[in-house]
Amino acid sequence: MIETKAKIDKIEFSGFEFYLLRDDLLGEFNGNKARKLAYLLQADLSKFNKIVSFGSSQSNAMYSISVFAKLKGLEFEYVMSHLSSNLATNPVGNFKFALENGMKIFVEENRREFALSLCDEKTLFIEEGVAQPQAEFGFIKQARDIEEFARQNLLKFDIFLPSGTGTSAAYLAKHTKFDVFTTPCVGDETFLKEQIQNLDPLSKVKILPPSKKYHFGDLKLELFKIWHELKEQSGVEFDLIYDPVGFLTLLKNFDKFKNPLLYIHQGGLIGNISQLQRYKYKFKDEIV
Ligand SMILES: *Cc1c(COP(=O)(O)O)cnc(C)c1O
């Protein structure tokens with residue numbers, strides 16, 4: 001599935017043109033979580049019988065690991081700190097599909113600690129957001145795909161992708177000759193810089209300040225609007241959490257790029273189902 005060559009489209013939005021790496025089209029298992037799990041996908045996991053991980057109740061990583069576990073015939077146990085009664089009674093989005101893939105959940109305040117307590121020698125433990133060294137492997141292939149496209153089309157790129165843990169930006173930047181720019185969607189620039197340096201002490205990733213400070217998963221009308229506008233103008237559906245922050249940042253920083261821009265679509269569309277529901281509930285009259 002990840003062996004298929006990534007597709008790159010040309011898109012126009014708000015009067016500027018950019019290229020788009022369609023990692024959202026890699027398969028059922030897609031986006032940057034597929035890149036992060038590519039190493040484990042081809043690894044011999046026969047000594048394991050289950051996967052344990054932890055994070056939020058609507059995480060894209062959680063869903064992707066559930067697909068991965070099912071594919072590998074492994075049990076999947078996942079620890080979250082909170083589960084709203086609403087989501088528990090009406091599962092939706094990533095949570096719903098992860099449950100359908102056989103995920104077993106635990107709700108515990110100290111989620112990482114509790115997750116570790118579920119592990120034995122036959123357990124494959126995966127960090128929140130798959131932010132760990134094994135994730136690097138998949139980005140070598142991503143960098144190669146991008147550079148091959150650039151060579152064939154006589155292009156040089158500046159690359160942009162919005163960050164959570166910074167794992168995708170750090171490992172892509174490590175393996176491509178092009179400049180990689182990102183912006184934090186979780187925490188601030190200092191926090192993101194630290195996270196990236198933990199993964200690659202010499203990282204060349206350039207961090208752009210977000211147009212405004214947002215909390216992760218914030219429901220803001222301007223975020224919804226740019227997401228909607230993008231879909232109308234480009235015909236492509238983007239993620240509703242990271243990408244709106246990414247595009248607002250891009251629009252403010254267009255002068256920073258010296259080369260044609262390549263934006264990385266990192267998937268996450270299943271997560272849109274629940275985020276869209278939250279938007280419609282909060283802004284009943286403003287959005288249709
Ligand atoms: C997980 C995810 C991110 C964040 O990736 P990091 O490697 O943690 O920075 C960004 N966009 C989407 C759509 C994601 O699912």
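Select lysine 284 and tyrosine 281. The charged end of lysine 284 sits over the ring of tyrosine 281, 4.7 Å from the ring's centre. Keep in mind throughout that this is a predicted model.

**The sheet**

Next, show the strands. Six of them make an open sheet with mixed pairing, in the order S1-S2-S10-S7-S8-S9. Find the two edges: strand S1 (8-13) and strand S9 (206-207) each pair on one side only.

Now select strand S7 (residues 158-160) and strand S10 (residues 261-265). These two pair in the parallel sense, over three bridges.

H10 lies across S1, strand S2 (16-22), S7 and S10. Relative to S10, the helix runs at about 170°.

**Aromatic rings**

Switch to the side chains of the aromatic residues, where the count comes to 25 aromatic pairs. Start with phenylalanine 13 and phenylalanine 16: this pair is edge-to-face, with 6.2 Å centre to centre and 80° between the planes. Are these two residues buried or exposed? Phenylalanine 13 has a relative accessible area of 1%, so it is buried. Phenylalanine 16 is buried as well, at 8%.

Move to phenylalanine 29 and phenylalanine 68. Here the pair is stacked, 6.3 Å centre to centre and with 15° between the planes. Phenylalanine 29 lies in the loop between S2 and helix H1 (31-42), while phenylalanine 68 is in helix H2 (residues 60-72), so the pair ties together parts that are 39 residues apart in sequence. Phenylalanine 29 is buried, with a relative accessible area of 3%, and phenylalanine 68 counts as buried at 0%.

Then select a whole group at once. Phe13, Phe16, Phe18, Phe160, Phe181, Phe238, Phe247, Phe254, Phe257 and Tyr263 form one aromatic cluster.

**Serine 163**

For the last stop, select serine 163, in the loop between S7 and helix H7 (167-175). What is the relative accessible area of serine 163? The value is 3%, so serine 163 is buried.

Which residues is serine 163 in contact with, leaving aside its neighbours within four places in sequence? They are Ala169, Thr182, Thr183, Pro184, Cys185, Val186, Leu192 and Tyr242. Finally, draw a line from the C-alpha atom of serine 163 to that of isoleucine 270. The two residues are 107 residues apart along the chain, and their C-alpha atoms are separated by 18 Å.

Key. Residues are numbered from 1 along each chain as its sequence is written. This is a predicted model: local features need pLDDT of at least 70, side-chain atom pairs count only at pLDDT 80 or more; totals for chains, interfaces and linings use all residues. Side-chain values use heavy atoms; hydrogens and water are left out. Two strands pair if DSSP finds at least two bridges between them. Helices (H or I, at least four residues) and strands (E, at least two) are DSSP runs, numbered from the N terminus. Contact means heavy atoms within 4.5 Å. Axes are lines fitted to C-alpha atoms, for helices over the stretch in contact, and angles run from 0 to 180 degrees between N-to-C directions. Rings of Phe, Tyr and Trp (its six-membered ring) pair if their centres lie within 6.5 Å; planes under 30 degrees apart count as stacked, over 60 as edge-to-face and the rest as tilted. Buried means under 20% relative accessible area, exposed over 50%, partly exposed in between (1.4 Å probe, protein chains only). A charge sits over a ring if NZ of Lys or CZ of Arg is within 6 Å of the ring centre and within 35 degrees of the ring normal.
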